[in-house]
Amino acid sequence: MILAAIAFCLALTPTIQHPMTYEQLLESKHIDRAKLPKVEVKIAGKGSFIIELVPELAPKTCEQILKLAKEGFYTGQRVHRVEDWVVQWGDPQSKKSDFEELPVGTEGSGHPLPYEDNAIPLTRGVFAMASTGAKVGGDSQVFILTKDDPQITQFLQGKYAAFGFVIHGMDVVVKLKRWDKIESMALVQR
């Protein structure tokens with residue numbers, strides 16, 4: 001009798017919906033991944049990684065990052081933030097010879113963006129816009145999450161604009177160190 005009551009209660013309990021993966025989200029939105037722009041980031045002495053951008057879900061953010069990459073904005077910059085869960089770059093001060101004495105992580109391109117909310121999951125490999133706070137658009141600083149942690153995902157989801165995903169070279173991303181130099185960040189496929 002008790003087992004029957006437990007089974008009945010379990011049948012009435014709604015199942016917990018897990019967020020979609022990046023791939024499932026694109027499929028559900030009928031986004032053709034073959035047509036998405038890809039950006040390759042080459043790191044001096046480390047190798048490269050490729051990020052797939054999703055303009056359909058963050059058009060202004062993708063447009064700005066592609067424009068900055070084309071202009072060479074990121075070439076010569078340094079990765080300025082590396083923690084056990086994230087790597088970040090995009091501050092032009094990191095190109096200066098005295099970068100280690102500057103407040104790197106506080107500057108951008110000077111072209112602030114609106115916050116673009118979407119359902120891209122903020123999980124390992126996500127490419128997202130860094131900003132000064134939750135639901136604040138960024139500028140040129142970007143980050144990649146380097147580990148899956150439900151607490152980090154829950155904290156970030158819906159607060160920071162995700163706009164792409166690392167599709168190749170995550171092994172390079174996780175080996176990045178503070179002040180590693182970006183040789184180039186360029187569009188490799190449109």
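**Exercise 1: An aromatic pair**

Phe 73 is buried, with a relative accessible area of 15%, where buried means under 20% relative accessible area (1.4 Å probe, protein chains only). The model is predicted: local features need pLDDT of at least 70, side-chain atom pairs count only at pLDDT 80 or more, and totals for chains, interfaces and linings use all residues. Residues are numbered from 1 along each chain as its sequence is written, and side-chain values use heavy atoms, with hydrogens and water left out.

Task: determine which geometry the aromatic pair of Phe 73 and Tyr 74 has.

Solution. Rings of Phe, Tyr and Trp (its six-membered ring) pair if their centres lie within 6.5 Å; planes under 30 degrees apart count as stacked, over 60 as edge-to-face and the rest as tilted. By this rule the count comes to 7 aromatic pairs. For Phe 73 and Tyr 74, the centres are 5.1 Å apart and the planes make 90°, so the pair is edge-to-face. Tyr 74 is also buried, at a relative accessible area of 1%.

**Exercise 2: From bridge to cluster**

Task: find which residue of strand 2 is the bridge partner of Val 41.

Solution. Strand 1 (residues 38-43) and strand 2 (residues 47-53) pair in the antiparallel sense over 6 bridges. The partner of Val 41 is Phe 49. Phe 49 also forms one aromatic cluster with Trp 89, Phe 127 and Phe 163.

How values were computed. Pairing = 2+ DSSP bridges. Helix = DSSP H or I, 4+ residues; strand = E, 2+ residues; numbered from the N terminus. Buried < 20%, exposed > 50% of the residue type's maximum accessible area, 1.4 Å probe, protein only.
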